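This briefing collects selected local features of the structure shown below. Points are grouped by topic.

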Amino acid sequence: RVLLSGGSGVPVLLGSPPAKRGGRHTVTLIPGDGIGPELLNHVRDLFSFSRVPVDFEVVHVNSALTSEDDINNAITAIRRNGVALKGNMETNHNMPPSYKSRNNLLRVTLDLYANVMHCRSLSGVRTRHRNVDIIIVRENTEGEYSSLEHESVSGVVECLKIITRDKSLRIADYAFQLARKKGRHSVTAVHKANIMKLGDGLFLQCCKEVASGYPDITFDSMIVDNTTMQLVSKPQQFDVMVMPNLYGNVVSNVCAGLVGGPGLVPGANYGKDYAVFETGTRNTGKSIAGKNIANPTAMLLASCMMLDHLGLHAYASMIRSAVLLTMNKTQLHTADIGGQCTTSEIIQSIRREIQSSSPHITGSIEC
Amino acid sequence: VDSQVTCPWRSNLVRPRKHIKNCYATYSPFQATSSVEIIMFLFNLQELAGEMVLMFSLFSVSTKAPIQWEERSVTAIKGPSGRWMIPPEAKESMDKSKIGLKGPLKTPIAAGHPSMNLLLRKTFDLYANVRPCASIEGYKTPYDDVNLVTIRENTEGEYSGIEHVIVNGVVQSIKLITEKASKRIAEYAFEYARNNQRISVTAVHKANIMRMSDGLFLRKCREVAENYKDIKFTEMYLDTVCLNMVQDPTQFDVLVMPNLYGDILSDLCAGLIGGLGVTPSGNIGANGVAIFESVHGTAPDIAGKDLANPTALLLSAVMMLRHMGLHGYAKKIEMACFDTIRDKKVLTKDLGGNSKCSEFTNEICRRVQDMD
C-alpha cells in the first residue's frame with residue numbers, strides 16, 4: 001500500500017512524466033547489436049515522417065569491451081531523460097564472470113523492477129493457437145539473475161537465487177494494479193514452491209497477501225512446469241501472470257512463440273522513475289542482421305508503448321493501427337511469420353497507412 | 001504454421017525422420033546379465049494401485065515376457081539415525097534386481113518427510129531423467145511432428161534443496177553445479193544419442209546470466225562432445241529453446257540440461273504431445289539401477305474407478321523392456337498400444353473415448369496375442 005501513497009512513491013504506471021521543453025520529449029536510444037540498429041533507424045524515420053515530438057539521444061554501447069563505461073553512460077542518459085528505447089546488447093557468455101550482461105546491469109541499476117509483455121494473437125498471423133491474450137508481469141531485478149556465483153571448491157559452483165519480501169510484494173502489487181487498470185479478471189502466480197519451499201514459498205506468500213487487497217480480481221497459482229504444459233495445450237485459460245525472473249523468461253518466450261514469434265511482441269521494463277522499452281523476447285537477431293528481413297513489428301509496437309507512456313496517445317494509436325493494419329489486413333509479412341516481404345516493404349506500407357489515415361501530416365512517402 | 005515457410009535463420013539441424021525406430025528407449029551403460037528370469041520391481045502405488053496391478057498382470061500373461069514382479073512399498077520411514085529413508089526391504093530388493101517400474105507417488109504436504117521421489121533419487125543416485133516425446137498418431141494435438149528426447153540432470157542444480165533465510169524477508173536458494181555431475185550427464189546424453197541413432201545433442205543453458213554455473217555445465221558438454229564427433233553438438237539459450245520449441249519442435253533432437261531447465265522443458269515437451277497421461281519417463285542411476293515411471297499425478301478423483309489411462313506407465317514399461325534388451329516384447333507392446341490408440345475404438349476418457357481402463361488394457365493384450 002506504500003506504493004499508492006503518492007508523491008515519489010507513485011509507480012510509473014499511474015503517473016506520466018511531464019512534457020519536456022517546448023512540448024518535445026527527449027528519449028535515450030540505445031541501438032544495441034544485431035537487428036537493433038536497423039530497426040531503431042526505421043523507428044526514428046517513421047517518427048520524423050509522422051512528426052512525432054520526440055527527439056532521440058543516441059548512446060552507443062559496445063558490448064565487446066570489458067569496460068563498463070559505455071553502459072554507465074547509457075544509464076546516466078536514461079536517468080536524465082527518464083525514458084529509453086533500446087535494442088538488445090549481446091552478451092558473450094564465453095567471457096569471464098566479471099563481464100556482466102549489459103542488459104541486466106541496466107535493469108538492475110535503474111531498478112526497472114517490472115517487465116511487462118502483452119502476448120495477443122493477431123488475426124493476420126496464422127498460429128496453432130487462437131485467442132491468446134496473456135499479460136506477463138515478470139520480476140526483473142532479483143531471483144536467479146542476481147549474478148552471485150562462486151566456486152567454493154574446484155569443480156563445484158554455487159549460484160545464489162535471491163528472493164526478497166519487498167521486491168515480491170512490489171511486483172505482486174504491480175501485477176494486480178495493472179490487472180485492475182486493464183480490466184482483467186484474474187492473476188496467476190507462477191512458482192516452484194513445492195521444491196524451493198523458502199524462496200518461491202516467500203514469493204507465493206507475498207502474492208497471496210497482495211491478492212487479499214484486491215477482492216475483485218481472482219488469484220490462483222500454478223507450478224511452472226504445469227504452466228508450460230497448459231500454455232501449449234490451452235493458453236486461453238490464462239489472463240495476467242506474475243512470476244519471478246527466470247520463470248518469467250521461460251513463460252514469456254513460450255507465449256511469444258504461441259502468438260507468432262519474437263518479431264511480434266513488444267516488451268516494457270518499468271521502474272519507479274524510469275521506463276525502458278524493447279522487443280519482448282530480447283533477441284539480438286545476429287544471424288539476420290543487415291539483411292533487411294527482420295520483422296519490425298515488435299520494435300514499432302514497443303515504440304508505441306513508449307509514446308503512450310509519454311502521454312502522446314494520438315501518435316501512439318496512429319502508428320499502432322498502421323502497423324496492425326499492415327499485419328492483419330494488408331497481410332504483408334516478413335519471413336519469420338511465413339511471408340516474403342522485406343523490412344523496407346513493410347515500413348513503406350506503414351507509412352502509406354499513416355499518410356492515408358492522417359493526411360494533415362505532410363511528408364512525402366519516399367523521404 | 002505453414003510448413004512451406006523458408007526460415008533462413010532457423011538452425012540447420014537435420015530433422016530426425018520417421019525411420020528412427022525405438023523412440024521409447026534408453027541407453028543402458030551396463031550390460032544386462034543374461035538370465036531368463038529377471039526379477040522386476042513394482043513399487044507400491046497409492047491410489048491408482050488397483051488399476052496398474054491389474055494391467056500388469058494382464059499384460060505379463062499375454063506377452064509371456066520373462067519377467068517376475070515383486071511389489072514393494074516406498075512410503076518413507078524414519079531410520080534409526082533419525083533420517084528419513086525408503087524402507088530397507090525396498091532398497092535391498094532394488095539393489096538385487098536393478099530395474100524398477102514405479103507408479104505415481106504423492107507426498108502429502110504436511111507429511112513431515114521430504115518428497116518420496118526425492119528420496120528415491122538420492123538413494124539410488126538416479127542421475128539421468130530421460131523423457132522421449134513423440135507425437136502419438138491418433139491422439140491429436142496442435143503439434144503432430146514432435147520427435148525429441150529430453151535428458152535432464154536429476155541430482156543437483158536448482159533442486160539441491162539448500163535454502164536459507166538470510167535476514168527476515170530475504171531468502172537465498174543455492175543452485176549447485178558440479179563438474180562431475182555435468183560430465184556424467186553429458187556422457188550419458190551422447191551415449192544415448194549414439195545408441196539410438198540420434199543426430200544431434202543440444203545443450204540448454206543460461207550462461208549469459210549464470211556465467212559460472214551454466215558455464216561449467218556448458219564446458220563439460222563441449223569437452224564430452226569432442227569424443228563424439230559423429231553426433232552434432234549445439235548450444236542454445238533456454239529462452240530461445242522455449243521460443244523455438246512452441247513454433248517448430250522438429251528442429252530439436254536430443255536435449256541435455258541441468259535440473260530446473262530440464263523440469264520445465266520436459267513438461268513443455270510432454271504438453272506438446274498430449275500431456276503427462278501419455279508420456280513415459282526413465283531414471284537412470286549409477287551402478288546399473290534404472291527406474292521407469294509415469295510422471296502424472298495420483299489422480300485421487302478417479303482412483304479405484306477403472307477410469308485411468310495406463311498409456312504412460314505402459315510406455316515406460318516399453319522403455320524398461322528395451323533397457324533390459326527385450327526388444328521383441330517391447331516392440332509388440334508398443335505397436336499394440338499405438339494401434340489401439342490409432343483405431344480409436346477403445347479409448348479411455350482422457351484420450352477421447354469412454355472405455356474403462358481394463359477394457360483398454362484388454363484390447364492391447366488381445367492385439368499382442370494376435371501378433372504371436
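In this predicted model, B:E158 touches A:M196, B:I174, B:K175, B:N259, B:L260 and B:Y261, leaving aside residues up to four places away in sequence. The residue sits in strand β8 (residues 157-167) of chain B.

- B:E158 counts as buried because its relative accessibility is 8%, under the 20% cut-off.
- Its side chain makes a polar contact of 3.2 Å with the side chain of B:K175.
- The side chain of B:E158 also reaches a backbone atom, the nitrogen of B:L260, at 3.0 Å.
- Both partners, B:K175 and B:L260, are among the residues that B:E158 touches.

**Packing of α8 and α9 in chain B**

- Helix α8 (residues 311-323) of chain B packs against helix α9 (residues 327-343) of chain B at an angle of about 155 degrees, and the axes are 8 Å apart.
- The two helices are therefore roughly antiparallel, since the angle is over 145 degrees.
- The crossing of α8(B) and α9(B) is left-handed.
- From α8(B), the contact involves B:T311, B:L314, B:L315, B:V318, B:L321 and B:R322.
- From α9(B), the contributors are B:H327, B:Y329, B:A330, B:K331, B:I333, B:E334, B:C337, B:F338 and B:I341.
- By class, the residues of this contact comprise ten nonpolar, two polar and three charged.

**B:D230 in a loop**

- B:D230 is located in the loop between α5 (211-226) and β11 (232-237) of chain B.
- The side chain of B:D230 forms a polar contact of 2.9 Å with the side chain of B:R194.
- B:D230 and B:K91 are separated by 139 residues in sequence and by 39 Å in space, C-alpha to C-alpha.

- Most residues other than glycine have a negative phi.
- A:S147 has a phi near 55 degrees, a positive value, and is not a glycine.
- A:S147 belongs to strand β6 (residues 143-153) of chain A.
- With a relative accessibility of 25%, A:S147 is classed as partly exposed.
- B:K98, also not a glycine, has a positive phi of about 70 degrees.
- B:K98 lies in the loop between α2 (88-97) and β5 (99-102) of chain B.
- The relative accessible area of B:K98 is 30%, so B:K98 is partly exposed.

How values were computed:
Residues are numbered from 1 along each chain as its sequence is written. Chains are lettered from A and ligands numbered from 1 in the order in which they are written. This is a predicted model: local features need pLDDT of at least 70, side-chain atom pairs count only at pLDDT 80 or more; totals for chains, interfaces and linings use all residues. Side-chain values use heavy atoms; hydrogens and water are left out. Helices (H or I, at least four residues) and strands (E, at least two) are DSSP runs, numbered from the N terminus. A polar contact is a pair of N or O atoms within 3.5 Å; within protein, one must be able to donate a hydrogen and the other to accept it, and residues adjacent in sequence count only if both atoms are side-chain atoms. Axes are lines fitted to C-alpha atoms, for helices over the stretch in contact, and angles run from 0 to 180 degrees between N-to-C directions. Angles under 35 degrees count as roughly parallel, over 145 as roughly antiparallel, 65 to 115 as roughly perpendicular and the rest as oblique. A crossing is left-handed if the near helix is turned anticlockwise from the far one by less than a right angle, and right-handed if clockwise. Contact means heavy atoms within 4.5 Å. Ala, Val, Leu, Ile, Met, Phe, Trp, Tyr, Cys and Pro count as nonpolar, Asp, Glu, Lys and Arg as charged, and the others, Gly among them, as polar. Buried means under 20% relative accessible area, exposed over 50%, partly exposed in between (1.4 Å probe, protein chains only).
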